[in-house]
Amino acid sequence: MPTDRQKRVARALTAAIPRAPFLDAEAIRAAARARHMRALSPDNAVWLATVAHIRHVHTDYDVLLDEGYDRDAARFFVLDAINAVLDRWGATRRLDAEADSDAPFAEDGMLDRAEGKDAGRS
């Protein structure tokens, strides 16, 4: 039986990205329910998990990091690709370069832990 938090995360996911493919939605749901995301509201946990998932799975972000770009530069170069995926998935919001809403969490590696990545690379 799902917990109240699991139900709220599932509802937040459906509301935020209603057309996300099943496998992507499952990965995002799992990341949003992770222990280190519990202090966040379900909406914020889903948003951060969504951005991290898209960044690492659907863009060249990791390739750019491997090529020597720093995190901020790599994020700049994949911003449009992230927003394109969000648009395809019917997202209710977009990632804004001026107000990167996940920046406070990126510093401590929260987004990478959501994706199971090395905490030094968000």
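Student: How many helices and strands does the chain have?
Tutor: The predicted chain has seven helices and zero strands. Of its 122 residues, 44% count as buried.

Student: Turning to α5, how many residues does α5 have, and how far does it reach?
Tutor: Helix α5 has 18 residues and spans 25 Å between its first and last C-alpha, close to the 26 Å expected at 1.5 Å a residue.

Student: Where is the kink in α5 centred?
Tutor: The kink is centred on V78 and amounts to about 45 degrees. V78 is also among the buried residues of α5.

Student: Which other residues are buried there?
Tutor: Besides V78, the buried residues in α5 are A74, R75, L79, I82, N83, V85 and L86. In general, residues three or four places apart point the same way, because an α-helix has 3.6 residues a turn.

Student: What is found at the start of α5, and what comes just after it?
Tutor: At the start, a side-chain oxygen of D70 comes to within 3.1 Å of the backbone nitrogen of D72. Just after α5, G90 adopts a positive phi of about 70 degrees.

Student: A change of topic: which residues form the nonpolar patch on the surface?
Tutor: The patch consists of Y69, F76 and F77, which together have about 360 Å² of accessible area. Y69 lies in the loop between α4 (61–66) and α5 (71–88).

Student: Why does Y69 count as partly exposed?
Tutor: Y69 counts as partly exposed because its relative accessibility is 36%, and that class lies between the buried limit of under 20% and the exposed limit of over 50%.

Technical notes:
Residues are numbered from 1 along each chain as its sequence is written. This is a predicted model: local features need pLDDT of at least 70, side-chain atom pairs count only at pLDDT 80 or more; totals for chains, interfaces and linings use all residues. Side-chain values use heavy atoms; hydrogens and water are left out. Patches are made of residues with over 30% relative accessible area and no salt bridge: like charges are joined within 9 Å, nonpolar side chains (Val, Leu, Ile, Met, Phe, Trp, Tyr) within 5 Å. Accessible areas come from the Shrake-Rupley method with a 1.4 Å probe; for residues, only the protein chains shown count as cover. A salt bridge is a side-chain nitrogen of Lys or Arg within 4 Å of a carboxyl oxygen of Asp or Glu. Helices (H or I, at least four residues) and strands (E, at least two) are DSSP runs, numbered from the N terminus. Buried means under 20% relative accessible area, exposed over 50%, partly exposed in between (1.4 Å probe, protein chains only). The expected span of a helix is 1.5 Å times one less than its number of residues. The bend at a residue is the angle between axes fitted to the seven residues ending there and the seven starting there. A polar contact is a pair of N or O atoms within 3.5 Å; within protein, one must be able to donate a hydrogen and the other to accept it, and residues adjacent in sequence count only if both atoms are side-chain atoms.
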